[in-house]
Amino acid sequence: MIVIAHLSDIHIGATPESAGRADAVMRTLDELPHDLDAVLVTGDIADHGLDEEYETAAKLLASRHPVLAGPGNHDVRAAFRRVLLGEEGGDGPVNQVLRTERAVYAMCDSSIPGDDAGHLDDETLGWLQGVLDGTELPVFVAFHHPPVRLHSPEADGIRLLRPERLESVLAGRSNVAGVLVGHAHTAAAGTFAGRPLLVGGGVVSTLKLPWEGGVGFDACLDYDLPAVIAFHVLDEDGGLTTHYRVVP
């Protein structure tokens with residue numbers, strides 16, 4: 001079986017505790033008795049997109065497991081690319097792929113510079129189609145913004161725009177193991193394009209839903225609840241199971 005860890009929204013620089021919470025999560029993963037196939041971090045690595053935030057994140061995300069992190073709406077593409085990836089800065093989408101012997105992980109950039117909502121542009125969708133066409137291995141498609149409603153007005157107002165464009169790329173693809181996203185700071189599960197859709201819980205904070213009293217951004221984010229890790233397990237029959245764990 002393939003076992004991957006999925007975390008999201010570490011928001012280094014958002015609070016004095018943000019780095020410590022991310023460190024606790026990564027130490028938990030590094031202390032596991034077995035190796036993970038991958039660790040995926042679906043966006044909002046830095047809270048303000050500052051070089052020093054990414055420098056801290058680079059140290060925190062260093063691991064014995066393969067790590068693939070993508071940008072979210074709080075990230076700045078040029079700084080992300082320069083500090084985390086060691087590449088020349090640039091404002092184009094930061095799309096990355098991790099290929100292993102047993103699976104492929106496609107991290108798409110759904111960020112819109114200067115906007116909190118998400119969008120997968122033509123360049124990104126074309127890139128993703130090429131990744132899917134180029135392998136028969138299971139592919140995990142990851143990005144930041146959920147492509148469906150999660151029934152939180154705050155999260156739903158800034159979700160992925162025009163998700164039908166992505167749906168058309170994924171339609172009929174038997175090698176898409178699942179779609180992994182973040183952004184909402186709440187562990188959730190659903191379906192999209194006929195495939196499992198898994199939302200990683202927040203590391204820096206957790207979203208309170210309307211029936212929990214989470215109405216308005218000031219009230220809906222709880223910084224005292226523990227960080228969350230999702231462990232996704234893909235078995236030999238193609239079944240995907242998710243276990244959520246909190247990290248005090």
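Strand β14 is mostly covered, with 8 of its 8 residues buried (buried means under 20% relative accessible area, exposed over 50%, and partly exposed in between, with a 1.4 Å probe and protein chains only). The model is predicted: local features need pLDDT of at least 70, side-chain atom pairs count only at pLDDT 80 or more, and totals for chains, interfaces and linings use all residues. Residues are numbered from 1 along each chain as its sequence is written, and side-chain values use heavy atoms, with hydrogens and water left out. Helices (H or I, at least four residues) and strands (E, at least two) are DSSP runs, numbered from the N terminus.

Both faces of β14 are covered. Ala227, Ile229, Phe231 and Val233 are buried on one side. Val228, Ala230, His232 and Leu234 are buried on the other. In a regular strand the side chains alternate between the two faces of the sheet. β14 pairs with β1 in the antiparallel sense over 5 bridges (two strands pair if DSSP finds at least two bridges between them). Within β14, Val233 stands opposite Val3. β14 also pairs with β15 (residues 240–247), again antiparallel, over 8 bridges. There, His243 of β15 is the bridge partner of Phe231. β14 and β15 form a hairpin with 5 residues between them. Gly238, in the turn, has a positive phi of about 85°.

The largest nonpolar core holds 29 residues. Such a core is a set of buried Ala, Val, Leu, Ile, Met, Phe, Trp, Tyr and Cys residues joined through side-chain atoms within 4.5 Å. Leu7, Ile10, Leu29 and Ile45 touch the most other members. At least two residues each come from β1 (2–7), α1 (18–30), β2 (38–42), α2 (51–61), α3 (77–84) and β14 (227–234). Helix α1 gives the largest share, 5 residues. A second, separate core has 28 residues, including Leu166, Val169, Ala184 and Cys220. In soluble globular proteins, nonpolar side chains tend to be buried together.

Ile45 has contacts (heavy atoms within 4.5 Å) beyond four places in sequence. Among them are Ile10, Ile12, Tyr54, Ala57, Leu61, Phe80 and Leu84. His11 and Asp75 are also touched by Ile45.

Helix α2 also contains Glu55. Glu55 is partly exposed, at 43% relative accessible area. Its C-alpha atom is separated by 9.9 Å from that of Ala79, 24 residues apart along the chain.

β8 (residues 139–142) and β9 (residues 176–181) run parallel, joined by 4 bridges. Ala142 stands opposite Leu180 in β9.

The structure holds 0 disulfides (pairs of cysteine sulfur atoms within 2.5 Å). Cys108 is buried at 1% relative accessible area. Cys220 is buried at 0%.
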